[in-house]
Amino acid sequence: DFSHSKIGGGWKLYQPSCLEERIEAAKEFYETLGGKSPYYADGIDDMAMKAYTAWPERVFVIDSHGRFVYVGGYGPEDYTITELEDVLERLFGPTVDGVDISELIGDVVKN
């Protein structure tokens with residue numbers, strides 16, 4: 001699992017050597033993207049990645065009570081953007097901060 005660090009105009013990926021480096025990289029990535037919800041950094045042992053099989057790609061939605069409300073299959077084939085949009089719209093309504101849910105998801109998928 002690689003962390004992200006903003007270097008100049010782009011992102012540099014690197015393997016952190018300790019939990020503090022991973023947390024700092026996650027915080028920088030989160031703040032740069034303007035995050036507004038809680039975020040979590042996997043331990044240096046990658047236990048969350050191993051437990052949730054986050055490779056090659058998994059999509060999870062966790063509600064404000066810490067419950068998993070959407071667990072997508074192994075991606076990108078075993079989940080759909082439509083399913084994800086439906087779950088997010090049930091949680092937040094059709095917009096978040098005035099932006100349509102489908103636009104937010106489109107930005108994530110494109111990036």
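Does Ala25 count as buried or exposed, and at what relative accessibility? At 3% relative accessibility, Ala25 counts as buried, where buried means under 20% relative accessible area, exposed means over 50%, and partly exposed lies in between, with a 1.4 Å probe and protein chains only. The place of this residue, Ala25, is in helix H1, which covers residues 19-32; helices (H or I, at least four residues) and strands (E, at least two) are DSSP runs, numbered from the N terminus. Tyr14 is eleven residues away from Ala25 in sequence, and the two C-alpha atoms are 9.5 Å apart in space.

The structure is a predicted model, in which local features need pLDDT of at least 70 and side-chain atom pairs count only at pLDDT 80 or more, whereas totals for chains, interfaces and linings use all residues. Residues are numbered from 1 along each chain as its sequence is written, and side-chain values use heavy atoms, with hydrogens and water left out. The average pLDDT (the predictor's confidence in each residue, from 0 to 100) is 77 for the protein, and 80% of the residues score at least 70. Among the elements of the protein, the lowest mean pLDDT, 49, belongs to strand S1 (residues 3-7), and the highest, 89, to strand S4 (residues 68-71).

In overall architecture, the protein has four helices and six strands, which follow the pattern β-β-α-α-β-β-α-β-β-α when read along the sequence. Of the 111 residues in the protein, 22% are buried. The protein exposes about 7900 Å², of which carbon and sulfur atoms supply 57%; accessible areas come from the Shrake-Rupley method with a 1.4 Å probe, and for residues only the protein chains shown count as cover. When contacts (heavy atoms within 4.5 Å) between residues at least 6 apart in sequence are considered, 16% of them join residues at least 24 apart.

Attention then turns to charged side chains. Side chains of opposite charge can pair when their charged atoms come close. With a salt bridge taken as a side-chain nitrogen of Lys or Arg within 4 Å of a carboxyl oxygen of Asp or Glu, the count comes to two salt bridges. In one of them Arg22 pairs with Asp46, and the closest N and O atoms are 2.8 Å apart. This pair links distant parts of the chain, since Arg22 is in helix H1 and Asp46 in the loop between H1 and H2, 24 residues apart. Arg22 counts as buried because its relative accessible area is 3%, and Asp46 likewise counts as buried, at 12% relative accessibility. Most residues other than glycine have a negative phi, and most peptide bonds are trans. Asp46, although not a glycine, has a positive phi of about 60 degrees. The other salt bridge joins Arg67 to Asp63, with the closest N and O atoms 3.0 Å apart, and Asp63 counts as buried because its relative accessibility is 11%.

A pair of aromatic rings is described by the distance of the centres and the angle of the planes. Rings of Phe, Tyr and Trp (its six-membered ring) pair if their centres lie within 6.5 Å, and planes under 30 degrees apart count as stacked, over 60 as edge-to-face and the rest as tilted. By this rule the protein has one aromatic pair. The pair consists of Phe60 and Phe68, which are arranged edge-to-face, with 5.6 Å from centre to centre and 75 degrees between the planes. Phe60 is partly exposed because its relative accessible area is 26%, and Phe68 counts as partly exposed at 37% relative accessibility.

Phe68 also belongs to a nonpolar patch on the surface, which is formed with Tyr52, Ile62 and Val71 and has about 360 Å² of accessible area together. Patches are made of residues with over 30% relative accessible area and no salt bridge, like charges being joined within 9 Å and nonpolar side chains (Val, Leu, Ile, Met, Phe, Trp, Tyr) within 5 Å. Tyr52 has its place in helix H2 (residues 47-52) and counts as partly exposed at 38% relative accessibility.

Two further residues complete the description. Ser37 is found in the loop between H1 and H2 and is partly exposed, with a relative accessible area of 46%; its C-alpha atom is separated by 9.3 Å from that of Ser64, 27 residues apart along the chain. Glu89 lies in helix H3 (residues 81-92) and counts as partly exposed because its relative accessibility is 34%. When residues up to four places away in sequence are not counted, Glu89 touches Pro94 and Ile101.
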